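Please read the following note with the model open beside you, taking the points one at a time.

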Amino acid sequence: RPRDVEVLKLLALGHMLSGKGDLAKGELEEALKIKPNEPSAARNLALLEAQAGNLERARALLVSVTGAHPQDEQAALLLAQVEARRAGREAGVEALKAALGRIPSSVAVRAALAQAYLGAGQPASALTVTRELSEAQLAGRPDLLLVHAKSQLATGDVAAAQRSLQKLTEVAPRSAEARFLYGESLARGGEAAKAEAELKRAIELDRSYLPARVGEVNLLVHRGQVGKAREALAGLRQEFGERPEFLEVEGWIAFRSGDYATATERFTAVAAGKSDSELTLGLARSLWAQREHEKALEVLRARLQVQAADLPVLMQLAASYVALDRRPEGVATFRKVLESYPDYVPALNDLAWALQGQDLKQALALAERAHQLQSDNAAVLDTLGTLRAKGGDLSGGAQLVRRAVELAPDHPQIQLNLGRILAQQKKHAEARVVLEALLAKAPEAGVAQEARALLGSIPAASP
């Protein structure tokens with residue numbers, strides 16, 4: 001047998017390419033006897049062992065080679081994959097964290113760790129990894145820029161996600177996924193027309209990209225065009241066959257139609273095979289609409305057993321507790337959100353609102369923090385203005401809530417809050433104009449009855 005390590009490695013490579021794994025392993029074992037921890041021999045042997053299901057042996061080889069060669073990027077990445085298979089996703093994440101500690105300049109390890117965090121439902125952790133890279137480094141790795149942008153979306157930083165995804169469409173102009181996600185970020189930012197244009201571009205680039213085609217149907221559902229949505233879904237079934245995504249779309253169509261029982265049935269069927277935020281929210285909201293409040297809470301809590309830091313689900317759970325007047329549990333859940341996402345503006349804002357009755361000082365501090373982060377957010381301006389007015393600063397409060405109305409002119413609750421503050425200021429004429437406009441636009445809104453009562457309490461002859 002040849003005693004030259006390089007020859008043995010070449011022979012092993014030939015065997016691997018021809019599918020003769022056992023012969024390749026023999027050559028690599030011989031090479032490692034001659035030169036222990038030879039990097040490429042150890043990596044290839046570990047790869048073969050992992051492919052054969054011998055994960056402990058693969059791990060032992062990779063732990064040894066990374067110990068001898070701590071800068072070996074490929075071995076570190078392979079070890080993380082083996083650990084994830086052997087001991088679960090968290091073990092893979094820990095291996096990548098250790099690798100990044102050894103090789104902090106490795107963009108590949110950083111990308112793998114960010115992707116692992118995102119896949120584990122920890123977008124805030126993913127951002128701690130990607131934020132250390134320059135814009136040029138991110139632009140040079142579209143896959144990493146994609147993870148960065150997805151993490152920004154998942155943590156609610158819509159403006160930053162828009163910037164990242166716009167850059168991604170520039171560096172990867174033929175990517176249907178980039179266009180689709182950019183459109184999603186625009187939709188979340190309230191730019192519906194631009195969002196629809198990006199969705200169309202994604203479909204033009206790749207009609208086989210299913211998320212965009214499903215997004216097209218969901219757009220119809222969102223618009224209330226349920227009949228057209230059903231027709232479009234039937235077309236997708238003819239084109240793609242039966243897919244789990246289609247059953248979920250049926251759930252949203254039923255939900256939009258007010259058929260909450262069917263929506264629950266569809267979402268439950270899909271949930272047997274997968275678990276994610278959107279599906280969980282659909283099922284929980286369908287149950288909630290049928291006044292199955294405890295079952296809805298159970299669905300949300302079950303998802304958090306799988307992904308404890310699932311941001312949308314945590315927010316829904318907190319809001320559900322508050323809606324049920326289980327305020328301490330709601331407050332605790334909002335605080336849990338802020339433990340993982342300390343700068344998440346909706347959580348800061350909603351917690352401030354929930355605390356106003358028991359700790360106005362803390363509520364104001366939270367609202368001020370949210371305002372520092374997003375000064376033109378209508379919900380934040382409304383909360384801060386309302387709390388300031390409650391604390392005695394009627395003039396300052398009215399100014400903030402008036403700005404909120406300018407930003408969200410069709411939001412009944414914000415209009416009601418402004419009308420209430422104006423009435424407290426004895427600006428009865430202006431309060432009447434605001435409340436009458438609210439009732440004209442949204443006579444059936446949930447706050448309409450309160451608006452009518454407030455309007456009735458304002459003296460008709462007041463200047």
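1. The model is a predicted one, in which local features need pLDDT of at least 70 and side-chain atom pairs count only at pLDDT 80 or more, while totals for chains, interfaces and linings use all residues. Residues are numbered from 1 along each chain as its sequence is written, and side-chain values use heavy atoms, with hydrogens and water left out.

2. Helix α6 (residues 89-102) packs with helix α7 (residues 107-119) at an angle of about 150 degrees, their axes being 9 Å apart, and the two are therefore roughly antiparallel to each other. Helices here are DSSP runs (H or I, at least four residues), numbered from the N terminus, and axes are lines fitted to C-alpha atoms over the stretch in contact, with angles running from 0 to 180 degrees between N-to-C directions. The crossing of α6 past α7 is left-handed, a term used if the near helix is turned anticlockwise from the far one by less than a right angle.

3. Contact means heavy atoms within 4.5 Å, and on the α6 side Arg89, Val93, Leu96, Lys97, Ala99 and Leu100 meet residues of α7 that include Val109, Leu113 and Tyr117. The residues of this contact divide into 9 nonpolar, 1 polar and 3 charged, where Ala, Val, Leu, Ile, Met, Phe, Trp, Tyr, Cys and Pro count as nonpolar, Asp, Glu, Lys and Arg as charged, and the others, Gly among them, as polar.

4. Helix α22 (residues 345-355) and helix α23 (residues 360-373) have axes 8 Å apart and pack at an angle of about 155 degrees, so they too are roughly antiparallel. The contact is made by residues including Leu348 and Leu351 of α22 and Leu366 and Ala370 of α23, and it divides into 11 nonpolar, 2 polar and 1 charged.

5. How do helix α24 (residues 378-390) and helix α26 (residues 412-424) cross, and at roughly what angle? Their axes come within 10 Å and cross at roughly 25 degrees, which makes α24 roughly parallel to α26. Ala378, Asp382, Gly385, Thr386 and Ala389 in α24 meet Ile414, Asn417 and Ile421 in α26, a contact with 4 nonpolar, 3 polar and 1 charged residues.

6. The second largest pocket is lined by 15 residues, with Arg131, Thr155, Asp157, Asp343 and Tyr344 lying nearest its centre. By class the lining has 7 nonpolar, 5 polar and 3 charged residues, and helix α8 (residues 123-130) gives the most to it, with 3 residues. On a 1 Å grid over the protein atoms alone, a pocket is an open set of points where a 1.4 Å probe fits, with protein on both sides within 12 Å along at least five of seven lines, and lining residues have an atom within 4 Å of a point.

Notes
Angles under 35 degrees count as roughly parallel, over 145 as roughly antiparallel, 65 to 115 as roughly perpendicular and the rest as oblique.
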